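Hi,

Here is the structure I said I would pass on. Have a look at it first, and then read on for what I found in it.

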Amino acid sequence: QMVTLRRGEELVRVSKRSGDIITLRELVDEVGVDACRFFFLSRSADSQMDFDIELAKKESADNPVYYVQYAHARIASILRLAKQRGISYGDGDVSLLTTEPELTLIRNMLLLPEIVEVVARTLEPHHLPYYAQDLATVFHSFYKQCRVVSQDRVLTKARLKLVEAAKIVLANTLHLMGMTAPEKM
């Protein structure tokens, strides 16, 4: 299908006949490979696509690529903080994770194998970016509602195990899309 390029509200004019084109290489050079992969993967192959160049370059929650990668970087930051404080969480008791934000995050992470199976069976990779966005949203919500590193050492260890698992799932999802999983942003 055709791809319509935009810069915000402004339509980018291209014409094959006159030779006014923007190559994929030029687009990658301008917005980055991760943004291109995410935006192109997020559409079904049989649907029209509007590619907003300005949105793809934006470093805010409006940009789905930034939003997902920021979730991974935030998790990495939490784990670095725990390491700096000398908190070992290998023996964390995940049975203590009973609040709704914790359980929602766990349930969402458990969907990855099912999503991968659907993608492989149907050859529709657009399910991966949607899943990545959902997981990032659920993680950000969990983060706002649940203090991970707190005075409660036992709960901190359990939540750190949960956060580490979320990091693994998010990184695997990003890698399946051919994207990087940044440790810092």
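Leu-123 is in the loop that links α6 (112-122) to α7 (127-145). Its phi is near 55°, which is a positive value in a residue that isn't glycine. Is Leu-123 buried or exposed? With a relative accessibility of 70%, Leu-123 counts as exposed.

Before going further, keep in mind that this is a predicted model.

Now the overall picture. The protein has eight helices and three strands, and from the N terminus on they come in the order β-β-α-α-β-α-α-α-α-α-α. Along its principal axes, the C-alpha trace spans about 65 × 35 × 25 Å. There are 185 residues, and 41% of them count as buried. If you take the contacts with a separation of 6 or more, 72% of them are between residues 24 or more positions apart.

Next, have a look at α1, which covers residues 24-31. Which of its residues are buried? They are Leu-27, Val-28 and Val-31. Looking down the axis of α1, these buried residues fall within an arc of 100°, so they line one face of the helix. What covers them includes β1 (3-7), α2, β3 (49-52) and α3 (53-57). On the face turned away from that buried side you'll find the exposed residues Arg-25 and Asp-29. Just after α1 comes Gly-32, with a positive phi of about 100°.

That brings us to α2 (residues 33-41) and how it packs against α4 (residues 64-84). Two packed helices are described by the angle between their axes and the distance between the axes. Here the axes come within 9 Å and cross at roughly 110°, so α2 and α4 are roughly perpendicular to each other. The crossing of α2 past α4 is right-handed. From α2, the residues in the contact are Asp-34, Ala-35, Phe-38 and Phe-39, and in α4 they meet Pro-64, Val-65, Val-68 and Gln-69. Sorted by class, this contact is made up of six nonpolar residues, one polar and one charged.

Where is Met-177 found? It sits in the segment after α8 (153-176). Met-177 has a relative accessibility of 4%, so it counts as buried. Met-177 and Phe-38 are 139 residues apart along the chain, yet their C-alpha atoms are separated by 7.2 Å. Leaving aside neighbours within four places in sequence, Met-177 is in contact with Arg-37, Phe-38 and Leu-41, and also with Leu-128, Pro-129 and Ala-132.

Ser-42 has a relative accessible area of 12%, so it is buried. Which residues is Ser-42 in contact with, leaving aside its neighbours within four places in sequence? The answer is His-126, Pro-129 and Tyr-130.

Cheers

Note on methods
Residues numbered from 1 in each chain as written. Predicted model: local features only at pLDDT ≥ 70, side-chain atom pairs only at ≥ 80, totals over all residues. Heavy atoms only, no water. Axes fitted to C-alpha atoms, helices over the stretch in contact; angles between N-to-C directions. Helix = DSSP H or I, 4+ residues; strand = E, 2+ residues; numbered from the N terminus. Parallel < 35°, antiparallel > 145°, perpendicular 65-115°, else oblique. Left-handed = near helix turned anticlockwise from the far one by under 90°. Contact = heavy atoms within 4.5 Å. Nonpolar A, V, L, I, M, F, W, Y, C, P; charged D, E, K, R; others polar. Buried < 20%, exposed > 50% of the residue type's maximum accessible area, 1.4 Å probe, protein only. Arc of directions from axis to C-beta.
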